[in-house]
Amino acid sequence: MTFAPKHIVAAIATGPEDDTTLAEHLVDAVCDIVTRAGDDAQLTLVYVAPSEASFLSVDTGYTPSAYYQALAGILEANRATAGKTLAALADRARARKVRV
């Protein structure tokens, strides 16, 4: 491989509605690239959560404090799910001898 990256970043969709099978296939494909890049190459998996600001224009009928409390609960649940999924995907990459 003429182009030998040392650090590869893969963005993973890990929300409650996302298909983890697709994320597993992505990790497998990226692991192939990292392996070909050499022993110094490293993989970083990232999940970018939506910010609270992206929901500000939604009219829910809730009072602002109730709305923000509900939103915070949803975002925290999504963050927890994403953390578990990313940990499992990192373990999958490590099983293929890829530094994560």
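View 1. Not counting residues up to four places away in sequence, Thr85 touches Thr14 and Thr20, where contact means heavy atoms within 4.5 Å. Thr85 lies in helix α2, and at 16% relative accessibility Thr85 counts as buried, a class defined by under 20% relative accessible area, with exposed set at over 50% and partly exposed in between (1.4 Å probe, protein chains only). The model is predicted, so that local features need pLDDT of at least 70, side-chain atom pairs count only at pLDDT 80 or more, and totals for chains, interfaces and linings use all residues. Residues are numbered from 1 along each chain as its sequence is written, and side-chain values use heavy atoms, with hydrogens and water left out.

**View 2. The elements and the confidence assigned to them.** From the N terminus on, the elements run β-α-β-α, and the protein has 2 helices and 2 strands; helices (H or I, at least four residues) and strands (E, at least two) are DSSP runs, numbered from the N terminus. The mean pLDDT of the protein is 83, and 82% of its residues reach 70 or more, pLDDT being the predictor's confidence in each residue, from 0 to 100. Among the elements, β2 has the highest mean pLDDT (94), whereas helix α2 (residues 64–95) has the lowest (86). Where pLDDT is low, the predicted coordinates should not be read in detail.

**View 3. The β-α-β unit and the two faces of β2.** Strand β1, helix α1 (residues 20–37) and strand β2 make a right-handed β-α-β unit; right-handed here means that, with the strands pointing away from the viewer, the path from the first strand over the helix to the second runs clockwise. Strands β1 (residues 7–11) and β2 run parallel and are joined by 5 bridges, while pairing as such requires that DSSP find at least two bridges between the strands. Within this pairing, Leu43 in β2 is the bridge partner of Ile8.

**View 4. The largest nonpolar core around Leu43.** This core holds 17 residues, of which Ile12, Val27, Val34, Leu43 and Leu45 touch the most other members; a nonpolar core is a set of buried Ala, Val, Leu, Ile, Met, Phe, Trp, Tyr and Cys residues joined through side-chain atoms within 4.5 Å. Each of β1, α1, β2 and α2 supplies at least two residues of this core, and α1 gives the most, with 6 residues. Leaving aside neighbours within four places in sequence, the contacts of Leu43 include Ile8, Val30, Val34, Ala93 and Val98.

View 5. Leu26 has its place in helix α1 and, at 33% relative accessibility, counts as partly exposed. Leaving aside neighbours within four places in sequence, Leu26 is in contact with Ala11 and Ile12. The C-alpha atoms of Leu26 and Ile12 are separated by 8.1 Å, the two residues being 14 residues apart along the chain.

**View 6. Lys97 in the segment after α2.** Lys97 is found in the segment after α2 and has a positive phi of about 65°, although this residue is not a glycine. At 74% relative accessibility, Lys97 counts as exposed.
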